[in-house]
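Please read it with the model in view.

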Amino acid sequence: MNVSVENLGPCKKLLRVEVPVEKVNSVFDHVAADFQKAAQLPGFRPGKAPKHLILRSYEPKIVEEARKKLMQDGFREAAQQEKLNVIATLDVEEQQFGRNQSLQFTATVEVAPDFTLPAYKGLAAKRELVTATDADVERAVGILREQQARFEDVQRPIADGDVAVVSYTATCDGQPLTAIAPTAVGLTAKENSWVLVKPGSFLPGFTEPLVGASAGDNRTIPLTLPEDFVHKELTGRNVVYEVAITGVKQKVLPEVDDAFAKSFGADDTGVLLQGIRNDLQRELDMRQKRAVRDQLLKALMAQLEFELPESIVASETRSVIYNIVNENQQRGVPKEVIEEKKDEIARNAAVSARERVKSAFILNRIAAEEKLSVSDRELTQRVLLLAQQNNTTPEKMVKAIQERNAAGEIRQDVLMGKVLEFLEMNAAIEDVAPLPAPAAT
């Protein structure tokens, strides 16, 4: 078989393949023989019809089956002959095909990048020795208390930290805000809205004038909206809020006692506090492990520069963009804000995608060198974990994975974790004291 290879760009090749006529005719004969064995023609027992009748009756199917087999076999053998690790087939063009003539076709493919692994055992990394402190536990308890906070009506002026119940209307140059920004409905008017009286809550400068007001009072609050305001039509504009205070509520936090502990499934406060400390330590240990592995991966990537297959990078970029947009939507970022930042999102996604693709090639090469793989049992364990994390049944999770055709992606994710674990186990790790926390600004 004649094969020539032309370089078209980063990791992109053009294969010109010619399969000899002897091979073509042999495949035609084998396919026709297979049809003859299974064919049923009137007047003949199965498999006994003459060859010329089989060819006449099934010629289109025989030709198509022969073409399919010859193209597949020819492509595979050409890649093996030229020692190409094909990861994507971009285009295949048939140029000549038929009985009694050679098959000629071209294939545009992308191949895995060619690079030599540096030494990946004994990489240096620093591991910060971190421990959950009493202050960490106290902060965590505070969060749990906030989850069970009550808001009680009080008959006194508003103070910082209270919740003001207000009804308001907003105008800009004498018009409702919706006349300028049609989507700003909730900012234009609302009845009996709860607003936490805290600087920066709701809108910058809105809550400060409420301090000292009581239920039944009114306030006129002029504001200048910030330059990065969520509704771009209103950025930097002067607006006026007419506010009626209809109620004042005070936040009441629960006492940290055995009843509080039992509400979270603990027998008493001692058990609750120890459980919180254990959870915090596990989280710190996980962050520590991720930090070490990030150092090892960055050390590897810094030693290597190689071309990347553009179709794989483009696919990963689309995936990163989808994840960024989806995350912003779940956070409640308006569609128009996301659209406004689409160029910035695309640029950041492209950088992230190239790093991901590069690291994946490096880690997969190490997996091959060390003969690391993912067993079906390990894959099942990951699926069970995903089901638990998503609060669903294993059966539903398996169905979702099948619908998304994501089993390969999950297996790859497990494999990458195993390679990073291998690198960590074989690294030269120095335990160091925690770095000081950044100074508050």
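**Note on pockets and packing**

1. Six helices, α7 (269-302), α8 (310-330), α10 (342-369), α11 (376-389), α12 (394-404) and α13 (407-425), each give at least two residues to the lining of the largest pocket. Helices (H or I, at least four residues) and strands (E, at least two) are DSSP runs, numbered from the N terminus. A pocket is an open set of points on a 1 Å grid over the protein atoms alone, where a 1.4 Å probe fits, with protein on both sides within 12 Å along at least five of seven lines; lining residues have an atom within 4 Å of a point.

2. The model is predicted: local features need pLDDT of at least 70 and side-chain atom pairs pLDDT 80 or more, whereas totals for chains, interfaces and linings use all residues. Residues are numbered from 1 along each chain as its sequence is written, and side-chain values use heavy atoms, with hydrogens and water left out.

3. The largest pocket has a volume of about 1,700 Å³, a volume being the space filled by probe spheres set on grid points joined across faces, edges and corners. It is lined by 38 residues, and E409, Q412, D413, V414 and M416 are the closest to its centre. With 10 residues, α13 supplies the largest share of this lining.

4. The second largest pocket has a volume of about 490 Å³. Its lining has 17 residues, with E128, V130, L284, R287 and Q288 nearest the centre. Two or more lining residues come from each of β5 (124-128), α3 (134-147) and α7; α7 gives the most, eight residues.

5. The largest nonpolar core has 30 residues, and I362, I366 and L423 have the most contacts inside it. Such a core is a set of buried Ala, Val, Leu, Ile, Met, Phe, Trp, Tyr and Cys residues joined through side-chain atoms within 4.5 Å, where buried means under 20% relative accessible area (1.4 Å probe, protein chains only). The elements α7, α10 and α13 each give two or more residues to this core, and α13 has the largest share, seven residues.

6. How far apart are the end C-alpha atoms of α7? They are 49 Å apart, which agrees with the 50 Å that its 34 residues should span at 1.5 Å a residue; the expected span is 1.5 Å times one less than the number of residues. The buried residues of α7 include L272, Q288 and L300.

Definitions and conventions. Buried means under 20% relative accessible area, exposed over 50%, partly exposed in between (1.4 Å probe, protein chains only).
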